Amino acid sequence: MILHYGIDSYLKEADNIYDLIGNCFGLLCESISNHQLYISRYLDNVNGSKNNPNLKCLNVFSEKIMAIIKEYKPSIYPDILCEILKCIDETQLKKYRDDKENQLTVIYSILSSIDAAAMTWERKWMTSALGPLDRHGKTSYRVYFKTNESIHSTYTKGLGRDRTSPSTFFEQFESFRFIDSSKWKPCTSVPQIKYLPKIHQPQQFYADDLKLKIAVIPVSCNMNFQFVPTAGSGVRVDYSKNDQTQIVKVILLALKKAINAGCNIIILPEYVVSPDVHRKIQNMLKYLMQKSFGDNKLLAVFEGSTWTDDDNNVMRILDSWGNELGKYYKYSPFTKNKDEGHGFEKHEALTNPGLCCDMIAIENIGLFLPAICRDVIDGEYTEEIIKMLFPAFIIISAWSPSVASFEIREKEFANKYFSSSVFANACSSVNANSEKIGNGCIVSKEGTIAGANICDICRCSCLSSCGNDGCVYMLEYNFKFDAEHNTSISVHKICQQH
């Protein structure tokens, strides 16, 4: 058959398999307004004589594409494409409803066949990134390889309930996820997923026991920065007027405690990582890794955030050696409205919000999405990414007097999208009379739905010397799940070096 309406160009102009996937998916989304109705009319085999008469032909076509794609290797893509085009030439569809929509069933079949075959692809092709994988697609849809197995896969399968999601083309595929970049604001980056395979993980860490230890360092000493005014209602962070010696001492001591206690992930609050603190953290991680290489179970450090010279609020993500895995730029600035009239009393003066969003996919554990304070509350950027990419964990760093407002959002993420989270807040940002300063949230089972088990980080046992002893809390996430047991989470303070 000959594909009309410019459909064939979406195939022939794809330079690699991921451009082909993005082109096929984008073409379907651009051409079909009602995804559910299209799937029902053209692809479902339910109502006998009322079905699409081409379903048997499309099944044969899909089997041929599957056989071709199973042999796929990046180096033979041109041959693969030729074989696909040959299969299209040999396929003849009967007339059915709208002619263009009828022809698009071929595109859907190609995409679904690649999606099924991709489950067997070797991950060695993706040792550094899981997306966006496309390079020069014809559409605005970016392609990501989906991390199907995570530390809480047993839970999501055992629950017997799907995540909350619209019944669109987005939800029909198992191996790939998609983001429509046209919905992103100008100068805002779509997420980049960096991949950390087993080979780059500490030898002593095993995800098979379905447990993860996350350390939160609330940095209880005095502030190492000041909020200073800029133009209008704007404010920025300035480290130059504050001595960094004490906070460096506190954070490095806390790092040692967390690593010696076998923590896998370490998180710091927003703002506290000045450039000097960042350098000292990198050096300390390298030193500790060299000293205890065989026993170190650390996978990643989410460095809270640093206010940069170009006025951005940036979280760095480090590996166990202190090397940079990625960066995350805060998207939603803090704002405080005027009590009367228009405008702001205060506004966090970010110059490039959302410029970079690196996520970390750790093999056999899952996808980690960073977020900084207001990003979680505003319900825009962070939730859109969660909706599209289904992270296993949301890592929240904050400088916030409120804990309750984050709890609400964390419960939503757990219930709708099966995402667990950790809220690493700065001790100094919370009123001295409040016990709760942060929390951990694990997806749990509540009857027949996904719920949230939240365990608070409390400072009820804190002493006046907390600001000197490298305060650190360890959150133990247990994702073991069967018919009689549920997931669980516990929090305790690491009081001394192990």
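Predicted model: local features only at pLDDT ≥ 70, side-chain atom pairs only at ≥ 80, totals over all residues.
1. **Sheet order.** Eight strands make up an open sheet with mixed pairing. The order is E1-E4-E15-E16-E17-E18-E19-E20. From one strand to the next, the twist averages 20 degrees.

2. **Edges.** Strand E1 (129-131) and strand E20 (449-458) stand at the edges. Each has a single partner strand, so one side of each lacks a neighbour in the sheet.

3. **The E19-E20 pair.** Strand E19 (residues 436-446) pairs with E20 in the antiparallel sense, over 10 bridges.

4. **Helix H11.** Helix H11 (residues 381-389) packs on the sheet. It touches strand E4 (192-196), strand E15 (358-362), E16 and strand E17 (393-398). The directions of H11 and E16 make an angle of about 170 degrees.

5. **Helix H12.** H12 lies across E17, strand E18 (420-425), E19 and E20. Relative to E20, H12 runs at about 145 degrees. Helix H12 (404-417) also supplies at least two residues of the lining of the second largest pocket.

6. **Largest pocket.** The volume is about 700 Å³. The lining has 30 residues, and Lys146, Thr156, Arg163, Glu174 and Phe390 are the closest to the pocket centre. Helix H7 (153-159) and strand E16 (366-372) each give at least two lining residues. H7 gives the most, with 3 residues. By class, the lining divides into 11 nonpolar, 10 polar and 9 charged residues.

7. **Second largest pocket.** This pocket holds about 430 Å³ of space. Its lining counts 21 residues; Tyr271, Phe334, Arg374, Trp399 and Pro401 lie nearest the centre. Besides H12, strand E7 (234-238), strand E14 (344-348) and helix H10 (374-377) each supply at least two lining residues. E7 gives the most, with 3 residues.

8. **Cavity.** How many cavities of 30 Å³ or more does the structure hold? There is 1. The largest cavity has about 30 Å³ of space. Its lining consists of Val219, Cys221, Asn222, Met223, Asn224, Ile247, Val272, Trp399 and Ser428. Of these, 6 are nonpolar, 3 are polar and none is charged.

9. **Trp399.** Check this residue in the viewer. Trp399 is among the residues nearest the centre of the second largest pocket, and Trp399 also lines the largest cavity.

Conventions: Residues numbered from 1 in each chain as written. Heavy atoms only, no water. 1 Å grid on protein atoms, 1.4 Å probe; cavity = no way out; pocket = protein on both sides within 12 Å on 5 of 7 lines; lining within 4 Å. Points joined across faces, edges and corners; volume = space filled by probe spheres on them. Helix = DSSP H or I, 4+ residues; strand = E, 2+ residues; numbered from the N terminus. Nonpolar A, V, L, I, M, F, W, Y, C, P; charged D, E, K, R; others polar. Pairing = 2+ DSSP bridges. Axes fitted to C-alpha atoms, helices over the stretch in contact; angles between N-to-C directions. Contact = heavy atoms within 4.5 Å.
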